[in-house]
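Hi,

Here is the structure I said I would pass on to you. Have a look at it first, and then read on for my notes.

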Amino acid sequence: MVRFAGVIKRFGVQTVLDGLDLRVARGEKVTLIGPSGSGKTTILRLLMTLERVTEGTIHVNGKPFSHMPAGAGGSLVPADEKYLAGPRRRIGMVFQQFNLFPHMKVLENVMEAPVHVLGLNREEAAERARELLDLVGLYDKRGAHPTRLSGGQQQRVAIARALAMRPDVLLLDEVTSALDPELVAGVLDVLRDIARTTDITMLCVTHEMGFARDVSDRVLMFDHGRVLEAGPPEQLFEAPAHARTRAFLGSVR
Ligand code: ADP
Ligand code: MG
């Protein structure tokens, strides 16, 4: 579903991703862990088309993502904005900051993109939004404004809003880091549920190792823009091969 091939990302002279090869299968749940500054968010931002690769290619669902086909020869050139609008809508993302629309009620927040980007009629979009708000346990709050909700509830609305686009891939970047501690569990429970009950492909960055262990098919330990080691959670958490992984796990547990 997601394929990075030899992806290099530089900011000025700094190389943030250094020849990254990464494949995520359809329906696979992959967690990225690793020290701050190791390039985890950059990977997700490339997939949101918020950043462009310096070198290498990204494919999503078999389609070129960083590049687009040019002419009849089938050669690839860097994608332009018009091309990117297509692949971009196949990706859903939830960040630390929920950024809900404060002037819209909860239901309308979840309806907004399906109506304006996908062209769903309002009744279809409302039906989809109600189902998703039920999934995240907030059906009763559908008529409230986001400012009346707790941070955890707002983040659950943001998850519903991302899912409303029926993305191929859901990206989650430290979605509980900005929450008060007592609100974290509710959000993680919703995500565990989604991971267990849907076949969506998930790529998440988290410091919640218990959660990573529960939901992941595979955990990738990142260091300096490279995958230091990868494996099923039991292996990576119980028997990490690298001293740096052991040190990192020791610091977050
Ligand atoms: P992580 O999510 O693992 O903490 P990031 O992907 O956010 O790491 O960042 C990796 C490195 O890239 C950091 O050193 C960061 O300062 C740098 N970086 C990220 N985005 C930019 C940017 N837009 N401009 C310059 N440097 C950036
Ligand atoms: Mg980050």
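Which residues lie nearest the centre of the second largest pocket, and how many residues line that pocket? Please keep in mind that this is a predicted model. The lining has 16 residues, and those nearest the centre are Leu163, Arg166, Pro167, Thr198 and Ile200.

Let me stay with that pocket for a moment. The second largest pocket holds about 310 Å³ of space. Two helices, H4 (122-135) and H6 (181-197), each supply at least two residues of its lining, and H4 gives the most, with 4 residues. Sorted by class, the lining comprises 7 nonpolar, 3 polar and 6 charged residues. Where does this pocket sit relative to the domains? Domain 1 (2-90 + 168-252) and domain 2 (100-166) both contribute residues to the lining, so the second largest pocket lies between them.

Now for the largest pocket. Its space comes to about 530 Å³. The lining is made up of 22 residues, with Met48, Met93, Ala113, Arg161 and Met165 nearest the centre. Helix H2 (81-88), strand S8 (91-94), helix H3 (106-116) and helix H5 (151-163) each provide at least two lining residues. By class, 13 of the lining residues are nonpolar, 5 are polar and 4 are charged.

- The side chain of Gln14 has an N or O atom 2.8 Å from an oxygen atom of ligand 1.
- In Gly37, a backbone N or O atom is 2.6 Å from an oxygen atom of the ligand.
- The side chain of Thr42 places an N or O atom 2.6 Å from an oxygen atom of ligand 1.

On its own, ligand 1 has 560 Å² of accessible area, and the protein covers 62% of that.

Enjoy exploring, and do write back with any questions.

Best wishes

Conventions: Residues are numbered from 1 along each chain as its sequence is written. Chains are lettered from A and ligands numbered from 1 in the order in which they are written. This is a predicted model: local features need pLDDT of at least 70, side-chain atom pairs count only at pLDDT 80 or more; totals for chains, interfaces and linings use all residues. Side-chain values use heavy atoms; hydrogens and water are left out. A polar contact is a pair of N or O atoms within 3.5 Å; within protein, one must be able to donate a hydrogen and the other to accept it, and residues adjacent in sequence count only if both atoms are side-chain atoms. Accessible areas come from the Shrake-Rupley method with a 1.4 Å probe; for residues, only the protein chains shown count as cover. On a 1 Å grid over the protein atoms alone, a cavity is a set of points where a 1.4 Å probe fits but cannot get out, and a pocket is an open set with protein on both sides within 12 Å along at least five of seven lines; lining residues have an atom within 4 Å of a point. Grid points are joined across faces, edges and corners, and a volume is the space filled by probe spheres set on the points. Ala, Val, Leu, Ile, Met, Phe, Trp, Tyr, Cys and Pro count as nonpolar, Asp, Glu, Lys and Arg as charged, and the others, Gly among them, as polar. Domain bounds come from an automatic or database domain assignment.
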